[in-house]
Every structure is written in C-alpha cells, then in structure tokens.
Amino acid sequence: ANAVRAKQTEQLRVAVLEKAASLGLPVTAGDVHIKRSSETLRMDVRYAVRVDFPLYTVDLHFYPGAGQK
C-alpha cells in the first residue's frame with residue numbers, strides 16, 4: 001500500500017511539473033510539496049517569478065495550494 005501511494009504521489013508531482021512547464025512557470029520538483037494520509041491529500045507549490053521594472057527588479061512569490069478531505 002505504501003509503495004502504491006508513493007508511486008501515485010510521484011506521478012502527481014510529475015503531472016504538476018509538466019503542467020507548470022507547459023505554462024512557462026519556473027517550478028522545480030523541490031517546489032512541489034505533497035502531503036498524504038489515508039484520508040486526505042494536500043499539495044502546495046511554491047515558486048517565484050522575477051519581474052524587471054525600469055528602476056528595480058522584484059521577485060513575485062506564489063503559493064498556490066489545493067487539498068481534499
């Protein structure tokens with residue numbers, strides 16, 4: 001059961017990374033955090049996008065997440 005859950009978690013991580021890449025988002029495997037229990041699933045993705053303005057540069061940080069019960 002644990003091996004199946006680990007495989008499903010990795011498949012979910014790969015799907016998120018593929019979707020992020022297709023959208024041009026700078027998301028790496030280390031940015032995708034997945035927590036599972038027997039009854040719940042929680043996923044958070046943390047990444048930053050650098051934006052260059054005429055007088056300064058800023059990193060915009062994004063923390064989208066989703067879960068189920």
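Buried means under 20% relative accessible area, exposed means over 50%, and partly exposed is in between, using a 1.4 Å probe and protein chains only. With that cut-off, I get 19% of the 69 residues of the protein as buried.

**Ground rules.** I'm looking at a predicted model, where local features need pLDDT of at least 70 and side-chain atom pairs count only at pLDDT 80 or more, while totals for chains, interfaces and linings use all residues. Residues are numbered from 1 along each chain as its sequence is written, and side-chain values use heavy atoms, with hydrogens and water left out.

**Overall layout.** I looked up the elements and found 1 helix and 5 strands, in the order α-β-β-β-β-β along the sequence. Helices (H or I, at least four residues) and strands (E, at least two) are DSSP runs, numbered from the N terminus. The C-alpha atoms fill a box of roughly 55 × 20 × 15 Å along the principal axes.

**Helix α1.** I traced α1 over residues 2–22, and it reaches 30 Å from its first C-alpha to its last. Which residues of α1 are buried? I noted Thr 9, Arg 13, Val 16 and Ala 20. They sit on the same side of α1 because they cover an arc of only 65° around the axis, the arc being that of the directions from the helix axis to the C-beta atoms. An α-helix has 3.6 residues a turn, so residues three or four places apart point the same way. On the face turned away from the buried side I found exposed residues, including Lys 7 and Glu 18. The buried residues of α1 pack against β1 (32–36) and β2 (41–45). After α1 comes Gly 24, with a positive phi near 75°.

**The core.** A nonpolar core is a set of buried Ala, Val, Leu, Ile, Met, Phe, Trp, Tyr and Cys residues joined through side-chain atoms within 4.5 Å. The largest one has 9 residues, among them Val 16, Ala 20 and Val 27. β2 gives the most to this core, with 3 residues. I also checked Val 27: leaving out residues up to four places away in sequence, it touches Leu 17, Ala 20, Val 32, Val 45 and Tyr 47 (contact means heavy atoms within 4.5 Å).

**The hairpin.** β3 and β4 form a hairpin with 4 residues between them. These strands run antiparallel and share 6 bridges; two strands pair if DSSP finds at least two bridges between them. Arg 50 has Asp 59 in β4 as its bridge partner.

Technical notes. Expected span 1.5 Å × (residues − 1).
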